[in-house]
Structure formats: C-alpha cells, structure tokens
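Here is a short briefing on one structure. Look at the model first, then read the points by topic.

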Amino acid sequence: MSVLIVVDTKNGEVKKSSLEAAQYGASVAASLGGEAVALTLNANNAEVLGTVGVNKVLNVTDASVSASDPQKVVAAIVAAANKVGAKVVVFAHDSTGKAVAPRLSAKSGAGLVTNVTSLPNLASGFVVSKNVFSGKAHADVNILSDEKIVSILPNAFGVKAGEGSASVEAFSVDVSGINSGITVKEVKGGNSKVVPLPEAELVVSAGRGLKGPENWGMVEEMAEILGATTACSRPVADIGWRPHHEHVGQTGVAIRPNLYIAIGISGAIQHLAGVNGSKVIVVINKDPEAPFFKAADYGVVGDAFEVVPRLNEAFRKFKAANG
Amino acid sequence: MKILVPISKVPDTTSKIAFTDGDSKFNEEGIQWIVNPYDEWYALVRALELVEAGGGTVTVINVGDATADPVIRKALALGANEAVRVDVNPSDSYVIAKEIAAYANDKGFDMVLLGKETISYNGSEVGGMLAEFMNLPYISLASKLEVNGDTATLDRSIEGGSEVVEVKLPLVASASKGMAEQRIPNMRGIMAARSKPLTVVPASGAEAKTAYVKYGLPAPKSAVKLVDPENMDELVRLLHEEAKSI
Ligand SMILES: Cc1cc2nc3c(=O)[nH]c(=O)nc-3n(C[C@H](O)[C@H](O)[C@H](O)COP(=O)(O)OP(=O)(O)OC[C@H]3O[C@@H](n4cnc5c(N)ncnc54)[C@H](O)[C@@H]3O)c2cc1C
C-alpha cells in the first residue's frame, strides 16, 4: 500500500514544511510495507525528496495547478493516488494543506486529521496524535475510513536528510474542465528571505513591555544576528505596533520553534497556548512574578532596555566566534 | 446578499483544560462557552459589515445540541438576522461540513464565511470540506474581503505574505485576523436577539470519518533556570551548550 505525499513549492523549490511531510510519509510507507510517492507541484528540485526517503516523484508542470485553486490540486491528487494505488495521503498543515486537504477529504470520503504530531499507531486502527485546544492538550484520533489523510504540524518532526535518491517523472493531469473562477491578481511579500513564522526554528518575540513601536530596533537586531523570525503578542498587533501576521498565540499563529525568546510579554494563557510547543523558551521580563516564567526554560528578571542590548552583544560575540 | 456564517461553540480561552471518563472526553464542568473567536470576530463581523453596506441577510448556523443556544443568541445579539441549528452532537468536522451543506445547498447563499479554525480542535477543516460538498470555490485564511457586484476580492494568507485573489460569487471563505475588528454586543442587540428566529432542523445523518479515542495534557515543564541579567554571556553559553538551540 503506497503513501502519497503532496509537496508544494515556493519559487520552484520544495517548501521546508513539505520536506518534513515527505519524510513523515516515507516512514508511514515503510511501516505499511509500501512505496513513498510524492506529488510535487511545479518543483525544480524534486530530487531532494529522495534524501528524506521518497522513492518516486510525480511532478506536475502546470502552473495553474496550485494551492490558490484547490480544486485543481485535488484533481491532480486523485489522479496520482489512483495511478500509484495510494491509500494514505500526507500533507504539511501549512497554507497549502489547509486549502487542499479538507477538500480532498470531502471529495474522496477519506477521513482527515490535521495538526498531527505522531506517526500512526497501526496496532488498533490508524491512530495519530494531534494538538488540540491550541496546544494546551493533545488527542489520539483513529481514522475510520479505508483511505486516510493526515496533515502534519510544521516543525513537529524536524528534517533529517540522508543519502537516498528518488526517480522523478513528469505527471500531467487534465484540469481544463475545472473552472473555479479564481484568479490570482498579485502576490504580496511571499518572496522575503525571512523564514515564515510557522516554519521558523528561531523566534524572537516582544510584547507591550516594550512601550512603543519605536523600540523594536533591538528586537529586530536580535533576529538579524540569530537569523530568527520576529513575532509579537496580540495587543501589540492590535494597536498596530507590529503587523498582524506576527501575532502568535491562541488566536494568532501557533508556532513550535527550537528557541522562542519572549521579551516584555506577561505570558497570558492565550499567548502561551500558541507558543508552549517551543522546544526551549527564554523569558526576559522585569516582573519576577510574570506568569511566563512558569513556562520558561531560562529566565532573565530585568529591564528589557538594559538586558536586550547586552544579550545582543553576547550573541554577536558568540556568532563571531562560532560562525 | 445572503451570507451564511457557520459558528462553533468553544470553551472560553481561560478555561482549564481537563478530561474525564478515562481521558476519553473533554471535561465540561464549569466551562464557560463562547462563540469561536475566529467565527465571531472576523467572519461574523465582516458578514455584518457587508450586509450593512450593501443590504441582505446574515444567517448563522451551528451543528450541535441545545447547549449551543446561548452562544447562538450571542451571534444574533451581534446582529445576525436569523439562526439555524442542526440538531446533532457532531463527532468530527466531516459531519459538521456535511450537515451544513445538507441545509445550505438549496438556499441560494451568495457566500459562506467562517473562521479559519476553532480554538478547541484547531482543525481548519470545515470550510474546505463545505466548499467541496457545495461545489463552490474555497479561499482559505482570508485576511481581507471586499465585494464588488458579483465578484469578491480576497487576501489569502500564505507563508510570509499573501496573495490577492479575485473570485466570482458564490464562494466559501475562511477568515483570519485582519478581516474585521471584534464588536461588543449592545443592550439593544441583546434584547432584539431574544425575538429573532432560531430554527432547529433535524440532522441528515452524516457519518463521522474519524473518532477521538483519548486525550492528554503536555508533560509539565521543569522549573525555570534564572540567569543573572548582568551576565548575558552565560545565557548564550547555556543556549549553546546545554539547550543546544543556537
Ligand atoms: C479571547 C482572547 C484571545 C486572546 N488571544 C491572544 C493571543 O493569541 N496571543 C496573545 O499574545 N494574547 C492573546 N490574548 C491577550 C492576552 O490575554 C494578554 O492580554 C496578552 O497576551 C498580553 O500581552 P503582553 O504580554 O504583550 O502585555 P502585558 O500583559 O501588558 O505584559 C507586558 C509585560 O511586559 C513586562 N514589562 C514591562 N516593562 C518591561 C521592561 N522594561 N522590561 C521587561 N519587561 C517589561 C511586564 O512585566 C509585563 O509582564 C487573548 C485574550 C483573549 C480574551
């Protein structure tokens, strides 16, 4: 029984979240004793999928088959799944997975679980863990249908590339009969070099403790030194100090980087919900009673306006010494 | 314009999350229920704005039992014209989407607008499923929505940016932050909500594709290690040598 992984690209390159999904799909295929096949959407570097265990790639080379128009991607997936006899389809739970996977589930009748954080347990069905209550809890969910769809939480597994290689063949699918009436007019900002928040391994975040948008220079400086992505608490986005897409938490973006540095953020329950999956949390706050310290691995009790410049200096020294 | 806004009932964001019956069920004891913030703050408010500006009606729909009625009334208090509840306690998103489609398919809605996910099950599933069941285009994670005649223009969030898309009505869209600003219901709205229609319709019998078998809480964190604010070299050393995160 083969596993089909839906792999999206950005400017022709396989997305990092998709690479992680491909690695996951390869593990599932191995435990089911089947082949791991990737369906790539207009990829220039599809061979890279071999390094995470994919055996075969079907590459769609039709720019109209993109996540902007989910019906076309669904048609491509159905065609590919039929061709290779796939019973399990794997997505990354990113903007592509969110646009396409539910539609595929409704079309095919295959049960879908999103936000998945574990490989399936096959002992009593097909049971995967997922995050619920914005990361405040997790649940084990059994997929009851014969065909199954899982959409995995970005950064939940990490990518360990090896040596393997995959065969790549062009895959054509006729989508001329699909007219969803969607046209893309413009793409804004998608090309920046900054790693998008859900995929970021290092995140530097600040809150109302910074007093005003003019004080974000030192936060951006830290992000620059570390190659990190910036984030913020909700009130900071609401009052317009920072853009909305930086808002993390229960009602913003949920993230799970390797390192989350929180500056002048109190650690309200709704903020913690979206960030407590981070592997290491550093909290800088002048109030020793701030609730965030209870969720932190490392804490610095001090005034951000003194501590952050000092920390930036230390990071810079470290980077100079360690490259 | 006729707009349908599916709404979910979720625990208040400050709720203590706990489970019962051998960790197989969410413990609802003492829980305050609210309208899912994404459904309320963004989808419902934007739908109300569109109707206020261009005329029409906003219908809210919930798939659930009678315990959802208070949060449905809240949506009516905010300004929705009428409400529908499909009378079944759904066990997954597939059931919810299929039941909403069963109700909505022949009602001539111009638009279905719902939150991008619930803060309880975080699925991001119902919108896309519903679009397929209703055979409509789907724009996910929209942070902006304008309507001009029979065409809508939306900003669809993608990693690190957004995409401006144009699409003909009718459509299904999921709303994320930026689409509208939260509103607080006023006394007049609350009074009016009491007499607005809340129609209960029987379920069509959709069957679940998944089953939640067990819940758990994350392992507790060990105590925080405090670092001297004068000595940031030490923090950097710990992050490198101990935490291995840089
Ligand atoms: C339904 C709902 C959903 C919500 N969703 C979210 C969400 O998704 N994300 C989110 O972030 N919030 C969310 N909130 C808001 C949340 O409850 C908090 O209000 C918010 O997180 C607080 O932001 P903050 O920590 O930046 O500000 P504050 O709570 O004001 O904290 C500022 C912190 O900065 C510290 N500080 C001040 N000056 C300094 C200094 N010079 N140096 C160092 N530290 C300093 C203070 O000690 C304090 O701890 C939600 C609330 C509700 C009701």
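Ile182(A) stands opposite Val167(B) in S11(B). Six bridges join S12(A) to strand S11 (residues 161-168) of chain B, and the two run antiparallel. Strands pair if DSSP finds at least two bridges between them. Helices (H or I, at least four residues) and strands (E, at least two) are DSSP runs, numbered from the N terminus.

This is a predicted model, where local features need pLDDT of at least 70, side-chain atom pairs count only at pLDDT 80 or more, and totals for chains, interfaces and linings use all residues. Residues are numbered from 1 along each chain as its sequence is written, chains are lettered from A and ligands numbered from 1 in the order in which they are written, and side-chain values use heavy atoms, with hydrogens and water left out.

**The sheet**

- An open sheet of 10 strands has the order S12(A)-S11(B)-S10(B)-S9(B)-S12(B)-S8(B)-S1(B)-S6(B)-S7(B)-S13(B), with mixed pairing.
- Strand S12 (182-188) of chain A and strand S13 (198-202) of chain B stand at the edges; each has a single partner strand, so one side of each is left without a neighbour in the sheet.
- On average, neighbouring strands of this sheet are turned by 30 degrees against each other, direction ignored.
- Helix H3 (residues 95-108) of chain A packs on the sheet and touches strand S9 (138-148) and strand S10 (151-158) of chain B. Contact means heavy atoms within 4.5 Å.
- Axes are lines fitted to C-alpha atoms, for helices over the stretch in contact, and angles run from 0 to 180 degrees between N-to-C directions.

**The cores**

- The largest nonpolar core has 53 residues, of which Leu4(A), Leu39(A), Val60(A), Ile77(A) and Phe91(A) touch the most other members.
- Helix H2 (residues 70-84) of chain A gives the largest share of this core, seven residues.
- A nonpolar core is a set of buried Ala, Val, Leu, Ile, Met, Phe, Trp, Tyr and Cys residues joined through side-chain atoms within 4.5 Å. Buried means under 20% relative accessible area (1.4 Å probe, protein chains only).
- Another core, of 43 residues, lies apart from it; Trp41(B) and Leu169(B) are among them.

**Between the chains**

- The contact takes 88 residues from chain A and 80 residues from chain B.
- Nine salt bridges are counted between chain A and chain B. Each is a side-chain nitrogen of Lys or Arg within 4 Å of a carboxyl oxygen of Asp or Glu.
- Lys221(B) forms a salt bridge with Asp297(A); their closest N and O atoms are 2.6 Å apart.

How values were computed: Buried < 20%, exposed > 50% of the residue type's maximum accessible area, 1.4 Å probe, protein only.
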